[in-house]
Amino acid sequence: MIRFEAVSKEYPRSGLALNDVSFELRKAEFCFLTGHSGAGKSTILRLIHMADRPSRGEVRVSGYSSHKIRPREVAILRRKVGFIFQDFRLLPNRTAAENIAFALEVTGARRSLIRSRVAKLLAQVGLASKAEAYPSELSGGEQQRVAIARALAHEPMLLLADEPTGNLDERATRGIMELFRSINAAGTAIVMATHDLDLVRSMPNCRVLELDQGTLVYDSHSEG
Amino acid sequence: MPRTLRDAFAAFRRAPSLTLLSVAMIGLSLFAIGLFAVAAYNVRIVLDTVEARVQVVAYLRDDAPADAVELALAEVRAFPEVLEATYISREHALEVAQQELPEFRALFAELDVNPLPASIEVRLRPGQRSPEVVGDVAARIGAYPFVEEVQYGREWVDKVYLLRRIAGAAAVVVGSAFATVAIVIIGAAIRLAIFARRDEIEIMRLVGATDGYIRRPFLVEGLVAGLAGAVLALGLTFGTYRIIFNSVFQVEWVPDTWVASGLAAGGILGMVASGLAVRRHLRDL
C-alpha cells in the first residue's frame, strides 16, 4: 500500500532530511516511526501525504506515484489518508461537530449524510455528549479525539499521526492509543511518529521503523 | 455554488473590518482611475472638436466645366476617408463672405465682378484626420485639372495630431500605472483576507479539498469586494465631478458604457487579484 524506494529528501534551507530510505507497508499495518527530533519522521509522513515530493527516489501510496500524481489526485488521495498532529489543528471558531463536518463539507457531501456521519464519528471517539463544545472548552485529549474523528470522516485506509500524544498526559495518551488500536483493528493502517519509546514498547506486535539523521537504521519487520 | 456563496458571505460576516478595509482600498485605487477617466474623456472631447474642423478646400478654376466638377464631386464623396464633400458655387461663396465678414460688406456690394472662386469643401471621417491621410486626400483632389489650389492648414493638422498622440500615450502610460497600482493594492487587500484564514485553508487541504474548491469562495469574495469598491469609486468620482462642474468649470461626465465597464473592471479586477493571491498562497503552502 505504501512503498518508499530509495527516497531522499533535501530541503533548500535545512539540507538532507531523508537519505536513501526504502520500506514497504501493507494494508492495515500498525507502524511506529521512531527517532530523535529531526531524524526525518515528519518528513516521511509529509511524503506519504504528498505534501512534499522526494528529491530522489519514488514514493507510492495506494497506486499513486510521487512522480506522476496531479494536484487533483492529491486531494482525492488525502480523503483516504487521515492526518493527526501534536497540536490538533482544529478550527477554534467551530464546534467539535462542525470541525468534523468541515472535512465532509469540503468534498461536497450532502447535509443529511454529514449530520448522521458526524454523530457516528463523535460516538466512535467517545465524545457524543460534546458535539456543541468549542475546542477551547475541551481538554487536550478530547481535542485530539475530535481531530481523530475528523481524520476518520472519509473512512480512510490509512491514518498518519505525528506525535499525537506529545501534548497529552499519561491517561489521555492511553485513551488515544486504545482508540488507535480499535481503529486499526477495523482495518485502517496507522503510521505514527513518536519519540516516546515506552509507548512503542507497550505495543509489541507493531512494526517499528527507527530513523537516525535521515537514515533508516532499524526495521523490526526485516529482523523478522 | 450556494456553498461558495455562503462561505464568501460568512467571511464578510466574520471579519467585517477586514472586508471594509479591502473595499475601501479597492475603492480608492479605482477612484484614482475614475478621475483619470473623466480627465481623459474631456481631453478627448476637446481634441475631437478641434479635429472635426479639419477640412480640405479645393478652389476651382473659373473655367471648370460643370459636368466634370459634378463627376469629381461624386468621386471625392466615394473616397473611404471622406465624410462629406460640398460644392460651394461662386455666388454662394460671395453670400457666405458677405455674411461672415460684415466689415467688408460694403466693399463686396460695390463689386461688379465676383472675385471669389468656386470650391469643394471636404470634411473627413473621424480617425481619418492624420497628417498623412489629410495630405493624401488633398493631393488626390489637387490632381483634377480644374483645381486651382488645395488648402488644408497643414500646420494645424500636424499640431492637433501631435497633441492627440501625446494625449493617447499619456493615457496609456498613466492609465496602466494606475491599473497596476490598483491590482497590487487589491492583491494586498485580498492577501490580508487570505492570511486571516490561512488555518482554515491549511485544514481544507489536509482533509482533501481540491484547490478549485478552496479558491472558489475567494473568487466570489474578490468579485463582490471589487464590485463594492467600484461602486464606492463611482460615487467618489461622481461627487468630485459635480464639485468641479459647479465650482470650477463645466466638464463632461463620461458615457454610461464607461461607467458600466468601470464597474465590470472593478469586479473582474477583484476576482483576478483574489485568484492570483490564492494561487500563490496555495503554491507556497
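**Salt bridges and a helix crossing**

I started with E73(A), which counts as partly exposed at 22% relative accessibility (buried is under 20% relative accessible area, exposed over 50%, partly exposed in between, with a 1.4 Å probe and protein chains only). This is a predicted model, where local features need pLDDT of at least 70 and side-chain atom pairs pLDDT 80 or more, while totals for chains, interfaces and linings use all residues. Residues are numbered from 1 along each chain as written, chains are lettered from A and ligands numbered from 1 in the order written, and side-chain values use heavy atoms, without hydrogens and water.

Next I checked the partner: E73(A) meets R70(A) in a salt bridge at 3.7 Å, N to O (a side-chain nitrogen of Lys or Arg within 4 Å of a carboxyl oxygen of Asp or Glu). R70(A) is exposed, at 53%.

I then looked up E142(A) and K130(A), whose side chains form a salt bridge at 2.9 Å, N to O. E142(A) is buried at 19%, and K130(A) is partly exposed at 29%.

E81(B) is buried at 12%; R140(B) is partly exposed at 31%.

I also noted a salt-bridge network linking R94(A), R197(B), E200(B) and E221(B). The count over all chains comes to 19 salt bridges.

Last, which residues of chain B make up helix α7 and helix α10? They are 154-196 and 256-284, respectively (helices are DSSP runs of H or I, at least four residues, numbered from the N terminus).

How values were computed: Axes are lines fitted to C-alpha atoms, for helices over the stretch in contact, and angles run from 0 to 180 degrees between N-to-C directions. Helices (H or I, at least four residues) and strands (E, at least two) are DSSP runs, numbered from the N terminus.
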